[in-house]
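Visitor: I am new to this structure and would be grateful for a close look at a single part. Please describe how that part is built and what lies around it.

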Amino acid sequence: MSHAAHAEAGHQTSMGLDSRKMAFWAFIGSECLLFATLISTYLIYKGKSLEGPFPHEILNIPFTSFSTFDLLMSSLWMVLALAAVQRNDMKWAKVWLMGTAIGGLIFLGGQVWEFSHFVEHGLTLQKNMFGTTFFVLTGTHGAHVAVGVLWLLTLWVRAMQGKLTSKNAMTVEITGLYWHFVDVIWIIIFTVVYLIQ
Amino acid sequence: MHKHRRLIQRLLPGLLLVALAACAGPFPQTTLQPKSDLGFAIDHLFTGIFGWAVGVFVVVEGLLLYALIRFRARPGAPAPKPTHGHTALEITWTLAPVLILVMVAVPTIRTIFQTQAPAPAGALKVQVIGHQWWWEYRYPDLGVVTANELHLPVGKTVGLDLTSNDVIHSFWVPAIAAKRDVVPGHVNHIVFRPDTIGMYLGQCAEFCGDSHANMRLRVFVESDSAFNAWVANQKAGPVEPAPNSLAATGKADFQHGACIACHTIQGVSAGVIGPNLTHLASRTTIAGATFPEDSLDLALWVNHAPQRKPGAVMMDMNLKPVDLQAIVAYLMSLK
Amino acid sequence: MTEPTGLKSWLTTVDHKRIGKLYFWTAFCFFLVGGIEALLIRSQLAQPDGHVVTAQTYNELFTMHGTTMIFLALMPLSVAFFNFIVPLQIGARDVAFPRLNAFSYWVFLLGGIFMNLSWFVGPLFHAGRLSVAPNGGWFGYANLTERQYSIGPNIDFWLLGLQILGVSSLAGGFNFIITILNLRAPGMKMMRLPVFSWMTLVTSFLLITAFPVITVALVFLMFDRNFGTHFYQVSAGGDPVLWQHLFWLFGHPEVYILILPAMGVISEVLPTFSGKPLFGYTVVVYSGILIAFMGWGVWSHHMFSVGLGPIADAVFSSTTMLIAIPTGVKIFNWIATLWGGQIRFDTPLLFAVGFIAMFIIGGLSGVSHASPPADLQQTDTYYVVAHIHYVLFGGTVLGLFAGMYYWWPKMTGRLLNETLGKIHFWLMLIGMNVAFFPMHFIGLLGMPRRVYTYSPDLGVSTMNLVSTVGAFLIAVAMLVFIWNVIRTRTAGKVAGDNPWHGATLEWAMSSPPPVYNFAQIPTVHSRLPLWNEPESVVQKAPTGPIHVPDGSWWPMLAAVGLPLMAGALIAHALWLAFVGAAILIFGIFKWGFEPFEV
């Protein structure tokens, strides 16, 4: 990646901020509207299912609380990964990057299990309004986590190749922004879908 | 000031009509000649807004034209003064539109609440059901079901309950009922009191597929006695054709043909996909008020519905001429 | 540093000026396609009970006319100017992300081609006709667009095409926000930014906020049509009105995405040709921002006939009327800019004044359907067709032509012919009024829109014929413009750096600008550098070699993945989706790891 050129260019920008980081904040703003639309739709159709399974019959809060905790912890690993990259401690950077990615993979595994469990119990995309809105909302979030995992693994490979150093801290910082954002969105979804039934 | 406005309000539609009369006419689907309390309320509001719009138009376009002529470049003229702005002016031309918009908003909001009040007790209830591409009308208190042509008594408040059987349509009879969308899963309302006897045209206003253009309708506003006679006729069973007549053959063909799958004729068939035909011949039009109700058009319709009306659910019946003649004779007998 | 030539240099270009030209010509071609669709529509309606095209074809024509004009012509024409002009106006070497910019262009081109392919691929779907073009209206109202009522692939082409184009718009939006905020020349404070760049910024914010909403709405529709969900289906408890809310929540900001750039153009043209600074610069900028904000609170005025109840009607009516205030303020400031000036009636000014004059009419008819009861007679009739064409043709299109005549010399080095330009202007102005003014009456007299035929009994036949004549007048005007463009290539007057005596930075360099834009990035001390401080921004020869980035194949390659993935859904070919995704991911990776400097 062309980090070096950008990082230097960053010092000459009108706002004094790195352009890629600003673009990423704009991207997050845009993503907020995406999830706001999805979550609003979920809320609008809440309780509009004509037949079961209904949320309270099927949602497994303890299980999903574990997934949520796992994702929260992965955000912490992400913070540690960035800190390691910034102090050019590439050994620990590799560890924490991999840790974050594994955290994401565990979350995705949990989602795969949850989805297949729901399908076994008769809740499909097509079944009712709950299935329709639940799978599309949480599935979109899951796709975001998957992109994040792919991104983290790419960074990890780069680190293993020795191509990721503290000069690329901005790249890791942006990855972190994305990861934390996905985490925050999950906390909202967890609250809206699971906790407030 | 007030007198002035009223004058403008009276003059403007007049002027508009004069301009239009120069083109052609009459305009049976016009929004500008209301024939109900609802239509009048809307027209009154629109006339006021139109007056303000004309005033603003004249002033602003006038200023623009004046500036263009007055300040056109002339050779040898001194360089213009580089003015950057003027706070008092900015405030003035912010407040002026505010004032005008208040003059528009106040009657608007009053009219919104006035025209969307629920139907009073004793209003004539009619359920309007949109289908691709025809209208079904049910009078629950009178036990009448008909299609495309709505009959109403003059001077009596009507409450329409609108819903759709398939996609979104919009019920629009400009002279008396304005417009309201017909949405599946929702029941919308139009409340109005037609005040002049006559036949009014309307049509679907929300794009609803291939034959959206052919989803038309008619409203007959009638005297009480005419309306009651119509109701009595609609409530009676279908006309029984004379034995051994062509129509009787047609009835037999109808009963043994594909027709019964979709159409109801009271006591004969009970299909619900197409319009109720019990009193088809009492209507002036067929096929979503698109073609006149006569033997020729009926025959063309029965054998060529998809060509005549793109996307029509009704198939080409492909009847032999003898059978077609008989069926048409039967249908034409259903007064 | 000489400019590379040849096909490869265009396919791999990351130069904002070249991408601007690519945007321009592509969008202009789509503009002509949309125009031909309009002529067919008007031919069908020239007489009652017309038989020029069938009902199915007509429905495809009006759907594609709207979709093409909005997403493939007007928006990208604006983006062409964003690309070519904004970096020059703010004193930048390029946009913030040149390869992302190239990606935006290729995605736009491929999305447009993808959607228009639907005209020719009917036989592949055994449709029984050549065309399976989208036929649900540019607004694609559910539940008509659900599989149950639209079985063929027509709507799939529409919704997937829009998804692809959305990617392009989003990427462009991020790019221009960062470019304008971050790559300004020294001294170019935000309140010294030219108004066109300001409106580009505001539009870009609208793009990145409005497009996610339509994206989700389209995803829902895609799932309903292809995977059996029920977002807009009544039978399972869904509600088709949700589509309308989401669509217009996007759709109204979209209206401002279409008009704000044109407002920006004329805010540049009017000062230049009256020899005066823009009157009330601050007010014009803030009212643009205010319009963008308020544009989010008015969507339900597209839905007054839906039956949302009197309170919603009253609220949305009030917010809609409020938005007329900043709009009116802009118009007064433009007139005040002309006031006291030395107005030169060159073609760009004529188009800019045409914008104001026509936009006033569109604005006023807009106020009449901001009133819900009045709107109950007007919505879905030709009155609204008249309104939107006064706003989008009289407004946006005239504004964009003002921009074309104004910036043509900067983009090509040659001035468009003034005589032909004036003939073009008057033909177009007369043509549009002949075409669209009668539509006010046609609508008020009871003709709904989106009808392929109408009865002679309505009494609107003559007016429809007049309107059709006007449409063909516009077509003649376009031929004059095309002729002007062709002869300008060889016979056009060489422009020089600043043919109009403009005040903003793009006029400080040669026409067309060198590949590196500014030899030395100027330092700006005022809003109108070329008027107030010409000596400080004048361009000298570069002191040494100036590095410009090499081209890249990867943005185009990545873009190819998107229509393949979309095609997979229509063709029900899962393997194709994987191929598309693989190409997209591969392209992004190669692009991400490509050595590249800005």
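**A sheet in detail**

Guide: Residue B:L152 has B:V221, in β10(B), as its bridge partner. The model is predicted: local features need pLDDT of at least 70 and side-chain atom pairs pLDDT 80 or more, while totals for chains, interfaces and linings use all residues. Residues are numbered from 1 along each chain as its sequence is written, with chains lettered from A and ligands numbered from 1 in the order written.

Strand β10 of chain B spans residues 216–222 and runs parallel to β4(B), to which five bridges join it. Both belong to an open sheet of three strands in chain B, ordered β4-β10-β9, whose pairing is mixed (strands, E runs of at least two residues in DSSP, are numbered from the N terminus, as are helices, H or I runs of at least four; pairing takes at least two DSSP bridges). At the edges stand β4 (149–153) and β9 (198–203) of chain B, each of which pairs on one side only. From one strand to the next, the twist averages 20°.

Across β4 and β10 of chain B lies helix α4 of chain B, residues 224–235, at about 135° to β4(B) (angles, 0 to 180 degrees, are taken between N-to-C directions of lines fitted to C-alpha atoms, for helices over the stretch in contact; contact means C-beta atoms, placed from the backbone, within 7 Å).

Of the two pairs of chains in contact, B and C share the most contacts. Their contact takes 79 residues from chain B and 78 residues from chain C. On the side of chain C that touches chain B, α9(C) gives the most, with 15 residues.
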